[in-house]
Amino acid sequence: MIEFGSGKTLRRLDEMLDEAINGTFEESRYDETELSRLEAKWKQYLTSSKMSMEKTKQEKENVKALVSDISHQTKTPLANILLYAQLLEEQTKDKGEKELAEQIVRQTKKLEFLLQSLVKMSRLETEMLKVIPQKESVKKLIQRVLWEMEEKAQKKHISIVSRVEDDIQAVFDLKWTQEALGNVVDNAVKYSPENSRIVIEAKSWNFFVCISVSDEGIGIPEEERAQIFGRFYRGSRVTGQEGVGIGLYLTREILQREGGYIKVFCLKKGSRFELYLPTEREICQNC
């Protein structure tokens, strides 16, 4: 049994721990010769923990710098490649050359989308971009997403029906939540057949507003429901279609930062995603 003389050792250990928690622990403040064996071990542990925290912080800063550099350095070259490919596509009369130009345009757009998604994901994970939730109109959010998806839905003759009351409000970051809901609606359009229908509804409960997106698409197998929100995960039914498996991961991350969450249900035909947004700031820890 260790005896602590007059509580001095306990007080010193408590003081060290408080300083470590507050981020003010300094190894030089404690003379090794004046410390008991237990205090010396405690000092070594806290010193090691502080060094580990500083290393993690530095690595995080390095990732931030790398993400910013990648975003900046790739923006102009990709825009130029896309421009030249489109010019070539317009000016060439040779069928073979036109097909090659079209392929370059498609692949460049795919690469641009991938880089943008990776940058968004990295900025969220490293907290370079903050989600700032505030009281907003849910109808305004849904209308923004509908405007964004209108052209893509029309190309497949898909009708999007919106059912939301004017006075429903929730606490969320409008820009990032548009990204989150947009990812879900984009998937619904992408994986639904032509001449089908997508229904977006919003209902207000005591603590959350639920935005549901129901489609008549390919659906999600029961065994994959727990995996679809993972980073880079792509379901067995969509492997032949374009995509990188980041959209639903980003949606979940954004909602969690706002104090919300997402659920998915299998329907007889298609699937339904439910996005939950807090109705009050007290529910949202980031507010």
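Select Ser 271, which is placed in strand S7 (residues 271–278); strands are DSSP runs of E with at least two residues, helices are runs of H or I with at least four, and both are numbered from the N terminus. Ser 271 has a relative accessible area of 4% and is therefore buried (buried means under 20%, exposed over 50%, partly exposed in between, with a 1.4 Å probe and protein chains only). Next, display the surroundings of Ser 271: apart from neighbours within four places in sequence, Ser 271 contacts Val 213, Ser 214, Asp 215, Gly 219, Ile 220 and Phe 265, where contact means heavy atoms within 4.5 Å.

A note on the model is needed here. The model is predicted, with local features requiring pLDDT of at least 70 and side-chain atom pairs counting only at pLDDT 80 or more, while totals for chains, interfaces and linings use all residues. Residues are numbered from 1 along each chain as its sequence is written, and side-chain values use heavy atoms, with hydrogens and water left out.

Move to Gly 259, in the loop between helix H6 (247–257) and strand S6 (261–266). Gly 259 is partly exposed, because its relative accessibility is 24%.

Now select Thr 108 in helix H3 (residues 95–125). Is Thr 108 buried or exposed? With 6% relative accessibility, Thr 108 counts as buried. A polar atom of the Thr 108 side chain lies 2.6 Å from the backbone oxygen of Ile 104. Beyond residues up to four places away in sequence, Thr 108 touches Leu 78, Ile 81 and Leu 82.

Then show helices H5 (residues 174–190) and H6 together. Their axes come within 9 Å and cross at roughly 145°; axes are lines fitted to C-alpha atoms over the stretch in contact, and angles run from 0 to 180 degrees between N-to-C directions. Residues to highlight include Trp 176, Ala 180 and Val 184 of H5, and Leu 248, Leu 250 and Ile 254 of H6.

Finally, zoom out to the whole chain. The chain contains six helices and seven strands, in the order α-α-α-β-α-β-β-α-β-β-α-β-β along the sequence. Of its 287 residues, 37% are buried.

Conventions. Polar contact = N/O pair within 3.5 Å; in protein donor to acceptor, adjacent residues only side chain to side chain.
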